[in-house]
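Subject: Structure handover

Hi there,

Here is the structure I promised to pass on to you. Please have it open while you read, and my notes follow below.

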Amino acid sequence: MSKKKALSLLLSALLFVLVLAGCSGSGDDNESTEGGKNAGDKKTVKFMHLWPEGSSAQHHKIVSDIVADFEAEHKDVTVDVEVLSNEQYKDKIKVLSTSNELPDVGMTWAAGYLAPYVSGNKFASLNDILDSGLGNEFVAGTTDAYAIDGQTYGLPLELNIVSVYYNKKIFDDNGLDVPKTYDEFKEVVKTLKSNGVAPIALGNKDRWTGSMWYMYFADRIGGGELLTKAINREESFESPALVQAAEEIQNLVDMDAFVKGFNGLSDEEAKSMFMNEQAAMYLIATWDLPNYTTNEDVPQSFRDSVGYFPFPTVDGNGDVNSFVGGPGVGLFVSEDSDVKAEAKEFASFFVKQWGARAVTDVGVIPATKVDPNELDLPQMYEDVLNDLNNATNLTLYADVQMSSDTAQVHLDQIQALFGKDASPEEFVKAHEEALSKE
Amino acid sequence: MKVKKIRGHSRKDVLLLNDMGLNVMNKVMSNKWIIAIYTLPALLLIGVLIFIPLVLTGYYGLMDWDGIGDMSFIGLENYKNAIVDGKFWSSAWHSTLLAFFSTLSLAIYLMISMILASKLKGADFLRKIYLIPMLLSSVAIAQLWIKVFNPTNGMLNYVLMKLGIENPPAWLAEPSFVLFAIFIPILWQYAGFYILIYYAALKNIPESIIEAAKIDGASPLQIAYRIKLPLIKGIVKVTIVLAIVGSLKYFDLIYVMTGGGPNGASEVMASYMYKLAFASNDFGYGSAIGFLLLIITLIVTVIIRKLTATKDEIQY
Amino acid sequence: MNRIGYYLLYVFLAIVALFQIFPIIWLFLFSLKDNREIFAGSPFALPTEFRWENYQKVWDGGIGVYFWNSVWITAVAIILTVVLASMATFAITRMQWKLSKLVLGLFMVGLMIPIHSAIIPLFSMFLKVNLIDSPWSIVITYTAYNLPITMMILLGFYYTLPREIEEAAIIDGCSVHRMFFRIILPMTGPVISTTVIINMIYNWNEFVFVNTFISSDKYKTLTVGIQNFIGQYMTDWGAIGATLIISVLPILLAFVFFSNKVVEGISSSAIKG
């Protein structure tokens, strides 16, 4: 018996050793992923981005090229890259930050997303590299969205504006012209509706999509500053213009302007309805431009039939040169990085290289200055770049401006407003409450 | 120690066997060393990897923490907030509904398993087919059902319109339908899991018992209800607990298909917790919700086990 | 039962079968389409052209490494889970000790933890013991998180094992270990096959833990391969379909194998009858 007992003890012990030792053993492999402390003089900059090769081949390639170029110029630095898809990226950054393990360089979003990382002292101020010349590369004002109390914590990579894209063929078939005013816009909706065409593709499961509609009404009715001021607490969210904007949303819903079941559809599903000519209009930002210009996977006939127009004026109010939009992802440098100097160097190198190639290779409008005359771009890009040059106001997406928990209230309320679960008054009241709680 | 009847031995033998056997049995089967060797590895694993996180979740629930900066202790504030949080209770209600319907659906699974486990021609083949959906990841299942439920191009509404229903609902967009719409793929996804368990349990019933009943003239229904069901009672209880616990912390399909929407109409406890912790940067509050989820599950499980407990527990 | 009853039964069973088999067919068609067809057309429409290049794309994405990682991580975790769960269940149900009910309760509580509240504590723990970005963190996490459910399923079967077998074995002078490994384990073959199938499916499809604990490509698993095709603004659904088909095939084969074991095991353990 005792022999057997010893044997089984041994067996169990072995199992443990296997598990535990196996673990710490293979732990040795991950030295290469730990910032900065490698054998020899080589430093490692850990970089995380959200453009996987499978879905964003060109983005991925540019990033790889930039990394290779950087390593070639800086023989003593290796860049260790990790790629995750959008949602996984956000979740992982969250987990990493709880353990103080943020990558040396990574991607962030502006304003509300960035604020807790700044107040938690996780992101490094980038004023030094901006002041030493990099700042001039950016389109004026784009880095503001990443600035808190005069310090800038992110270097934007994209700049997008939101417009109404429409199917010229459907418009022609129904004898419609591009609407300049909201009244004309409503006529367009009515005509399409009575001819059995779904007027507007909207995927409001994602909620930021409906938010863009609301933002434009707020902008046109209450002026370009009102919504931002309401979010900054300089104005009340219960001001009449913001209530009226919510009413207009419900008017559109009552007119059946949006595709059936929009509150249960993702943006991707809505987009595909627009792209399969099942809906005539679609409000989206310029990140979608490749689909309407250069993307070879989309039939040429469809790409030729897409046009866009600025959101119309409402009752003579508003300025068509005032846009919803703003910078998208930007680069941050971790405050706790062991290789902060190299990380900043890499981030600044990245931004410069990215700006030069983003438009031509990927079709992304970078936040750095682009001269449309120097590049051979599709007409739609030139138009958009002109719009950007003439823009009088750019209102950053409401859910990005707000802090994360207020943003969740906003997004839920958007779904409630569109689904008529909340009246315009309830809608603004919920916002006012959430904003005043901060 | 109760004296057990042992078939095939005379009464005298049995007594003899028990006398001697019980002594040895008791000694061997209560050897502390052996018990330790058999349970400690598993206990250690769940202790470190489940219970420490569990305690930490409760602990984070006492904190005001965005998961990024410093945390500060706020006592039971988060738990107090949760008690008056309408959104939390509506998500808890949705989870409860899900648990209720999942438990009901066990009857369907059990019925199908009974049919499959009987000596029906082709039953083996059918059983394999029935288990296919459980092989797929939730990502795939969610995509499939999003397409089924699509209000304009979807299969379901296509069929309904062919049947003459003019304006079938947009299933995932209607607050009043969405929970039921989502329940169908969940029911379908888990069919294989429970059929697999029931099937193995039914196949475990000694053939002789069923043969004996047949000779006594019992109908298939009687055999199923009077003989098979009592014999697999233990497993049925286990599956009830699994269904309830699984439903109360269910997350996958709901998150992909509706994100808890529209406007919280399909929010469940786990998706609410996830949103708070990961999207709203309210990690302290999210942890408190996670901990409450666990407490609720625990209470429900204890109640269920009390309700299903019977005096004649089969313990040989 | 009469003839008509049988026909009705078969019709019913066939309809259910149709419902259960269609995801595989749908998934296969899906994997040969492009985004436009996937979103606009009926799910069962044939692709206008068979886009095998979706598979090419997936293959070029370096799925081989992921595949191998999935296989070995799944296998090691299953073996650990099933052996440890069987041992613990045996001790809890068959051996006599005061704390057995309490210990069983602990395992049951383990069933109830929502994984999203576990990942942040787990991450910081693994970080401390240098297990982040090591496949072993995944293996032991899978093992721990599947132990409770595996034990629950085993439990019902262990309770029904006749005590006579143990008595006979021990009177014959057999040690507990010998009895467990030579007699009890083989007798629970069918239910072990059941738990293997369930563990296999869980481990194979899991991605939250992998995404959180692993950052090097060389340790990632197949479910992460799927993430590769989800983009910031665009997602390549056809390629995702192809990845799903590739990843479901091995598990389908393994499933058929173990599913047969569920039945085979029973006939070989007919001792109980």
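Rings of Phe, Tyr and Trp (for Trp, its six-membered ring) are paired when their centres lie within 6.5 Å; planes under 30 degrees apart make the pair stacked, over 60 edge-to-face, and the rest tilted. By this rule there are 70 aromatic pairs over all chains.

Before going further, a word on how to read this: it is a predicted model, in which local features need pLDDT of at least 70 and side-chain atom pairs count only at pLDDT 80 or more, while totals for chains, interfaces and linings use all residues. Residues are numbered from 1 along each chain as its sequence is written, chains are lettered from A and ligands numbered from 1 in the order in which they are written, and side-chain values use heavy atoms, with hydrogens and water left out.

**Aromatic rings in chain A**

One of the pairs is F185(A) with W213(A): the ring centres are 6.2 Å apart and the planes stand at 50°, so this pair is tilted. It links distant parts of the chain, since F185(A) sits in helix α7 (residues 182–194) of chain A and W213(A) in helix α8 (residues 208–222) of chain A, 28 residues apart. (Buried means under 20% relative accessible area, exposed over 50%, and partly exposed in between, with a 1.4 Å probe and protein chains only.)

W208(A) and W287(A) form another pair, with centres 5.8 Å apart and planes at 75°, so they are edge-to-face. W208(A) belongs to helix α8 of chain A, whereas W287(A) is in the loop between β9 (279–285) and α12 (289–292) of chain A, 79 residues apart. W208(A) is partly exposed at 26% relative accessible area, while W287(A) is buried at 16%.

Ring pairs also join a cluster in chain A, and among its members are Y182(A), F185(A), W213(A), Y216(A) and F418(A).

**Salt bridges**

Side chains of opposite charge can pair when their charged atoms come close. The rule used here asks for a side-chain nitrogen of Lys or Arg within 4 Å of a carboxyl oxygen of Asp or Glu, and the structure holds 27 salt bridges over all chains.

Take E432(A) and R233(A), whose side chains meet in a salt bridge of 2.3 Å, N to O. E432(A) lies in helix α18 (residues 424–437) of chain A and R233(A) in the loop between α9 (226–231) and α10 (240–254) of chain A, so the pair ties together parts that are 199 residues apart in sequence. E432(A) is buried, at 14% relative accessible area, and R233(A) is partly exposed, at 33%.

K340(A) and E335(A) form a salt bridge too, at 3.4 Å, N to O. K340(A) is partly exposed at 25%, as is E335(A) at 27%.

In chain C, D34(C) forms a salt bridge with R51(C), with the closest N and O atoms 3.2 Å apart. D34(C) is in the loop between α1 and α2 (35–40) of chain C, and R51(C) is in the loop between α2 and α3 (53–60) of chain C, 17 residues apart. R51(C) is buried, with a relative accessible area of 14%.

**A buried aspartate**

D104(A) lies in the loop between α3 (86–98) and β3 (105–108) of chain A and is buried, at 6% relative accessibility. Its side chain and that of S337(A) are joined by a polar contact of 2.8 Å. (A polar contact is a pair of N or O atoms within 3.5 Å; within protein, one must be able to donate a hydrogen and the other to accept it, and residues adjacent in sequence count only if both atoms are side-chain atoms.)

**Where chain C meets chain B**

The contact (heavy atoms within 4.5 Å) takes 98 residues from chain C and 91 residues from chain B. The count of salt bridges between chain C and chain B is zero.

Best wishes

Conventions: Helix = DSSP H or I, 4+ residues; strand = E, 2+ residues; numbered from the N terminus.
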